[in-house]
Amino acid sequence: MDVDVLLKKPLKILLCDNPVIEDFFSSFQIEAGREEKSFEGLVRELTDGFWEENTTNPREFVSMFKDFVTGVYALENTLKIESLDVLSGYDKYKKQEVCNLHLKPGEITCVVGPTGSGKSRLLEDIEWLANEDTPTKRKVLINGQQCDNNMLAQYGGKLIAQITQNMNFVLDMDVEGFLMLHAQSRFLPNAELVVKEVIDLANDLSGESFTADTPVTFLSGGQSRALMIADVACIGQAPVVLIDEIENAGVNKKKALDLLVSKEKIVLMATHDPLLILLAHKRVVIKNGGMHKIINTNEHEQKLYCELERLDHMLQTAKDFFRNGNGLKAGDSLLKFNYD
Ligand SMILES: Nc1ncnc2c1ncn2[C@@H]1O[C@H](COP(=O)(O)OP(=O)(O)OP(=O)(O)O)[C@@H](O)[C@H]1O
């Protein structure tokens, strides 16, 4: 709903079931008795000095309230995405792509293909909400519609979150301070609880623990990525999450994906990792810069996931073994890296 229209309605509509707005009112000592008035009526009274003695700072209230309501409702009106489509454009050789891509919430899709084939380009097209204005000439539709300027103005920057291998924090803040700032900017009620949940989840994802007072610039690559994923899942409102190659980032990948799916995100992930590919619901194969085919993960592949996980575990154990300064001796077999 348009915020200007909303502000003409009785305040009880704004107050209704919204603890954040109620808190805001009480912080200015404005009791709920005025709720039959509209915001505009309230402003008139405030500027007439009618409420002068009942509020701590009426001018500040007037100037902050509209911004505040705009923030809260922009958050509540975060676009509900039922589908995201990428309509075919052209590959690097200007040949028409042979398929479109259809994505929906709670579904993980992998983007696979050789190095340089155009996986990141596909993610970039989605991030840009391409409208035949990128090198591929693809078109991105949200809920079946091309994003017009109104949609972009209203939801720009809130639709899509992106996490890549190379992202790092550059802020001079600790983890808790950074998350609080993010939660407050999103007008989240119970910000402290959410921040604690994000720190616990990030620790669970990364394995190497860190605390609320760790400066964000001190986090390792894996810890940073884990924090970004937990933050995107619990504080960020973006319904679409694009992930570019997090396979070597030291994050528990399965848990990270389960978390994002549980929050009904649309997850699109460029990867070379067979474990991630089999965890996904489907994959789009990129060839020469074009979408070449879509493969749904079949039951047989899902069953083979466990076997592949065992091999991955063996390789991980071998890496740790050599990393810790150990060596093999005559008679040792590689099976020593298998599960006991
Ligand atoms: N359809 C296309 N038309 C024109 N240029 C394209 C197209 N697809 C990809 N490219 C360009 O090809 C180059 C390589 O693509 P990209 O970086 O997306 O590959 P990648 O598969 O992500 O590679 P890597 O696995 O190494 O990360 C980029 O410069 C990209 O802009």
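# Report on a predicted protein–ligand model

With 15 C-beta neighbours inside 10 Å, Asn100 counts as partly exposed, because a residue is called buried at 20 or more such neighbours and exposed at 12 or fewer. For the model as a whole, the scores are ipTM 0.97 and pTM 0.76.

The place of Asn100 is the loop that runs between strand E1 (84-87) and strand E2 (101-103). If residues up to four places away in sequence are left out, Asn100 touches Asp85, Val86, Leu87 and Ser88. Asn100 can also be set against Tyr305, for these two residues are 205 residues apart in sequence, and their C-alpha atoms are 27 Å apart in space.

**Domains**

The domain assignment divides the protein chain into domain 1 (3-76), domain 2 (84-297) and domain 3 (303-334). Between domain 2 and domain 3 there is a contact to which domain 2 gives four residues and domain 3 gives five residues. On the side of domain 2 that touches domain 3, the residues are four nonpolar, no polar and no charged. The centres of domain 2 and domain 3, taken over C-alpha atoms, are separated by 30 Å.

In soluble globular proteins, nonpolar side chains tend to be buried together. The largest nonpolar core of this model has 61 residues, and those with the most contacts inside it are Val111, Ile229, Ala230, Val267, Leu268 and Met269. Helix H10 (residues 221-234) supplies the largest share of this core, which is seven residues. What does Ala230 touch, not counting residues up to four places away in sequence? Counted in this way, the contacts of Ala230 are Val198, Leu201, Ala202 and Leu205.

**Around the ligand**

The ligand is surrounded by 16 residues, of which the closest are Gly118, Lys119, Ser120, Arg121 and Gly289. By class, the residues of this shell divide into three nonpolar, nine polar and four charged. The largest share of the shell, three residues, comes from helix H6 (residues 119-127). The buried residues of H6 are Lys119, Arg121, Leu122, Leu123, Asp125 and Ile126, and Lys119 and Arg121 are also among the residues closest to the ligand.

**Two residues with positive phi**

Just after H6, the backbone takes a positive phi of about 50 degrees at Leu129, which lies in the loop between H6 and strand E4 (139-142). Asn288 likewise has a phi near 50 degrees, a positive value in a residue other than glycine, and its place is the loop between strand E9 (282-287) and strand E10 (290-296). Are these residues buried or exposed, or in between? Leu129 is buried, because 22 other C-beta atoms lie within 10 Å, whereas Asn288 is partly exposed, because it has 15 other C-beta atoms within 10 Å.

| Residue | Other C-beta atoms within 10 Å | Class |
|---|---|---|
| Leu129 | 22 C-beta atoms | buried |
| Asn288 | 15 C-beta atoms | partly exposed |

Definitions and conventions: Residues are numbered from 1 along each chain as its sequence is written. This is a predicted model: local features need pLDDT of at least 70, side-chain atom pairs count only at pLDDT 80 or more; totals for chains, interfaces and linings use all residues. A nonpolar core is a set of buried Ala, Val, Leu, Ile, Met, Phe, Trp, Tyr and Cys residues joined through C-beta atoms within 7 Å. Helices (H or I, at least four residues) and strands (E, at least two) are DSSP runs, numbered from the N terminus. Two residues are in contact if their C-beta atoms, placed from the backbone, lie within 7 Å. A residue is near a molecule or strand if its C-beta atom, placed from the backbone, lies within 6 Å of it. Ala, Val, Leu, Ile, Met, Phe, Trp, Tyr, Cys and Pro count as nonpolar, Asp, Glu, Lys and Arg as charged, and the others, Gly among them, as polar. Domain bounds come from an automatic or database domain assignment.
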